[in-house]
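Subject: Structure handover

Hello,

Here is the structure for your files. My notes on it follow below.

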Amino acid sequence: MPLQSNVERLAPVSGGANVGDFVQLLKPRVMSLVVFTAITGMVAAPGVIHPVLGIIALVAIAIGAGAAGALNMWYDADIDAHMARTAARPIPRGRMTPDEALSFGAVLSVFSVLTLGVLVNWTAGALLAITIGFYLFVYTMWLKRRTPQNIVIGGAAGSFPPMIGWAAVTGNVSIESVLMFLIIFMWTPPHFWALALYRCRDYERVGVPMLPVVAGPTETRRQIWLYSLLLVPTAALPSVIGLAGPVYAVTSVILGAMFLYLAWKVRKITEGREADAAAKKLFGFSILYLFLLFAVMLGEHAVARLMA
Amino acid sequence: MASVMSGMNEEEKERLRRQRMRSLAIALALGALVALFYAATIVRLGGNVFNRPY
């Protein structure tokens, strides 16, 4: 059940926020991963984009992703206030009113989509609009507080950036960009559920039906394992379809084995501090895993371009 | 300006200072947007920038 907004109780004053608070609304850490995967999509795509247009595309994608983050913080301010990880965000801390975050997010969303559409191409612009809309309407408003499958489906929003980068160069969507989408899509559930396993109480308190809260930790561990089994072969596919080369093939296999080992430990160690430690380890490694996969893919394409 | 500021308490001064910084940030962002559109126009038009029939 959605919580009543308690933001008013904190009595934020309009105009009290500084520039840093608005930057925080853009979720800069998420933004950096978005930019990184979008660059990979752009470099891996066949064809060339003028560097100036490439930079404009990246800025628009980054701002669009940030705008989605701001809109998420506007809508979720009531629950953010009760969770350790999010209590220091600008709205729950009383630094700005929800309305300010809403206008900020809405204006940036419109500008980023229009900029990408007008200056680069409308396939990329439309994909960015879908990403923002999906994150706000489908994930934040509809699924997050209703179903334990929230992050599985909502994860699609985070999977779009390499596809947008690819579309910025080619003007279309192809099997390669769908595969990059799928890698992030399969990666999201084990990544997030590992976090949810040891942050379970936070989610329980605010009534967000994360899988460990609703189905219990045992079921969560089983599903982490199942998604990991799907993720690892998916992540190896780029080398098979020619999207990546031999270095990526070796990297994806080695990292995949490590991922499966850690996911297996999460499944087997279910009691005490060791269980939390195993989940934390998988969570930490999952970030490194995705980063390295995309970094190697990016590196391979960059080297190939330099040699050409 | 200084005489107006002297009548304010610290909290109000701080609020004004933040407001000024935000106005500045908005101005910079708008300036960047103009630069962005200018640069993209030049890149997209390429040599045709000099094609002026009139």
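Two residues are taken to be in contact here if their C-beta atoms, placed from the backbone, lie within 7 Å. Please keep in mind that this is a predicted model.

By that criterion, A:T220 touches A:W193, A:L197, A:L211, A:P212 and A:A215, with residues up to four places away in sequence left out. A:T220 is part of helix α12 of chain A. Is A:T220 buried or exposed? It has 26 C-beta neighbours inside 10 Å, and the cut-off for a buried residue is 20 or more, so A:T220 counts as buried. Its C-alpha atom is separated by 26 Å from that of A:D78, a residue 142 places away along the chain.

The helix around A:T220

Helix α12 of chain A runs over residues 216–240, which is 25 residues. At 1.5 Å a residue it should span 36 Å, and its end C-alpha atoms are 37 Å apart, so the two values agree. A:T220 is one of the buried residues of α12(A); the others listed are A:P217, A:R221, A:Q223, A:I224, A:Y227, A:S228, A:L231, A:V232, A:A235, A:P238 and A:S239. What covers these buried residues includes α9 (175–198), α11 (211–214), α13 (246–268) and α14 (272–307) of chain A. Just after α12(A), A:G242 has a positive phi of about 85°.

A helix pair in chain A

The axes of α5(A) and helix α6 (residues 122–143) of chain A come within 7 Å and cross at roughly 160°. Angles over 145 degrees count as roughly antiparallel, and therefore α5(A) and α6(A) are classed that way. Their crossing is right-handed. On the α5(A) side the contact is made by A:S109, A:S112, A:V113, A:L116 and A:G117, and on the α6(A) side by A:W122, A:A124, A:G125, A:L128, A:A129 and A:I132. Sorted by class, this contact has seven nonpolar, four polar and no charged residues.

The interface between the chains

Eleven residues of chain A are in contact with eleven residues of chain B. On the chain A side, α3 (51–75) and α5 (98–119) each supply at least two residues. Which helix gives the most to the side of chain A that touches chain B? It is α3(A), with three residues. By class, that side of chain A has six nonpolar, five polar and no charged residues.

Regards

Key:
Residues are numbered from 1 along each chain as its sequence is written. Chains are lettered from A and ligands numbered from 1 in the order in which they are written. This is a predicted model: local features need pLDDT of at least 70, side-chain atom pairs count only at pLDDT 80 or more; totals for chains, interfaces and linings use all residues. Helices (H or I, at least four residues) and strands (E, at least two) are DSSP runs, numbered from the N terminus. Ala, Val, Leu, Ile, Met, Phe, Trp, Tyr, Cys and Pro count as nonpolar, Asp, Glu, Lys and Arg as charged, and the others, Gly among them, as polar. The expected span of a helix is 1.5 Å times one less than its number of residues. A residue is buried if 20 or more other C-beta atoms lie within 10 Å of its own, exposed if 12 or fewer, and partly exposed in between; C-beta atoms are placed from the backbone. Axes are lines fitted to C-alpha atoms, for helices over the stretch in contact, and angles run from 0 to 180 degrees between N-to-C directions. Angles under 35 degrees count as roughly parallel, over 145 as roughly antiparallel, 65 to 115 as roughly perpendicular and the rest as oblique. A crossing is left-handed if the near helix is turned anticlockwise from the far one by less than a right angle, and right-handed if clockwise.
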